[in-house]
Amino acid sequence: MALKGFLPFFLSLAMTIALSATARAESVSLVGFGDSLMAGFQLPPEDAFPARLEKALRDKGLDVTIANAGVSGDTTSGGLARIDWSVPDGTKGVILELGANDALRGIPPEETRKNLAAMITRLKERGIAVLLAGMLAPPNMGAEYASRFNPIFPELAKEHNLVFYPFFLDGVVTEAGLKLEDGMHPNGDGIGIMVERFLPTAELFVHSLAKGE
């Protein structure tokens, strides 16, 4: 009797282990790699963009974790210097959001492009997919600077065949009520708007990773 009862139990246990292993295999590990807009400047950790986006994706039934690798004040040169060790092995995809501080500091757009391209190449060489978040030059930098800076992101996305979100601060940048007192960084409500608008692109990205594209 004991042996007869053991066989169904063993089969059930084996199936449970197999299903658990399958679930773990389907989990997608992402890294949000960027500056203060990614880090969640002056916000609680749970209100930062990666945490809010992870929750939104999980609410959609997607098994996703998003590590926050945002560093306030980071430029594309700073990102390039830390890209290898800030994105751990096992990461399936990176949301790459850098360039705003380059524009604020008037760094030559050609340098920004070169740094972003190098980061994309390094990640792809490691088998890590990239979702590129675009940025626009602030108006005070002038039309000539914007004409050199703004095309960087769509052109790199096309060149490297990346999932692309055109403007990371879409829906927030012109709304004072969605920003902190500094008038630059999103508050909690602003992050909510950013996540809501970013979510369809993030879903597309995660599904592409699950399919191995």
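This is a predicted model: local features need pLDDT of at least 70, side-chain atom pairs count only at pLDDT 80 or more; totals for chains, interfaces and linings use all residues.
**The chain as a whole**

- The protein chain has 9 helices and 5 strands, and along the sequence these follow the pattern α-β-α-α-β-α-β-α-α-β-α-α-β-α.
- Of its 213 residues, 45% count as buried.
- The chain exposes about 11,000 Å², with carbon and sulfur atoms supplying 59% of that area.
- Among contacts with a separation of 6 or more, 77% are made by residues 24 or more positions apart.

**The sheet**

- The 5 strands form an open sheet in the order S2-S1-S3-S4-S5, with parallel pairing.
- Strand S2 (64-70) and strand S5 (163-165) stand at the edges with a single partner strand each, so one side of each is left without a neighbour in the sheet.
- On average, neighbouring strands of this sheet are turned by 20 degrees against each other, direction ignored.

- Is strand S3 enclosed or open to the outside? 5 of the 5 residues of S3 (residues 93-97) are buried, so the strand is largely enclosed by the rest of the structure.
- In a regular strand, side chains alternate between the two faces of the sheet.
- S3 is joined to strand S4 (residues 129-133) by 4 bridges, and the two run parallel.
- Gly 93 also has a counterpart in S4, where it stands opposite Ala 129.

- S4 and S5 run parallel and are joined by 3 bridges; here the bridge partner of Leu 132 is Phe 164 in S5.

**Helices H3 and H9**

- Helix H3 (residues 49-59) lies across S2 and S3, running at about 170 degrees to S2.
- H3 also packs with helix H9 (residues 188-210) at an angle of about 55 degrees, with the axes 9 Å apart.
- At that angle H3 and H9 are therefore oblique to each other, and their crossing is right-handed.
- On the H3 side the meeting residues are Phe 49, Arg 52, Leu 53, Ala 56 and Leu 57; those they meet in H9 include Ile 191, Met 194, Val 195, Phe 198 and Leu 199.

**Helices H4 and H6**

- The axes of helix H4 (residues 76-86) and helix H6 (residues 109-125) come within 9 Å and cross at roughly 15 degrees.
- Angles under 35 degrees count as roughly parallel, and H4 and H6 are therefore roughly parallel to each other.
- The crossing of H4 and H6 is left-handed.
- The contact is made by Thr 76, Ser 77, Gly 79, Leu 80, Ile 83 and Asp 84 of H4, with H6 residues that include Asn 115, Leu 116, Met 119, Arg 122 and Leu 123.

- Most residues other than glycine have a negative phi.
- Gln 42 is not a glycine, yet has a positive phi of about 60 degrees.
- Where does Gln 42 sit? Its place is in the loop between helix H2 (36-39) and H3, and Gln 42 is exposed, with a relative accessible area of 63%.
- Asn 161 also has a positive phi, near 55 degrees.
- Asn 161 lies in the loop between helix H8 (152-160) and S5, and counts as exposed at 72% relative accessibility.

Definitions and conventions. Residues are numbered from 1 along each chain as its sequence is written. Side-chain values use heavy atoms; hydrogens and water are left out. Buried means under 20% relative accessible area, exposed over 50%, partly exposed in between (1.4 Å probe, protein chains only). Contact means heavy atoms within 4.5 Å. Accessible areas come from the Shrake-Rupley method with a 1.4 Å probe; for residues, only the protein chains shown count as cover. Two strands pair if DSSP finds at least two bridges between them. Axes are lines fitted to C-alpha atoms, for helices over the stretch in contact, and angles run from 0 to 180 degrees between N-to-C directions. Angles under 35 degrees count as roughly parallel, over 145 as roughly antiparallel, 65 to 115 as roughly perpendicular and the rest as oblique. A crossing is left-handed if the near helix is turned anticlockwise from the far one by less than a right angle, and right-handed if clockwise.
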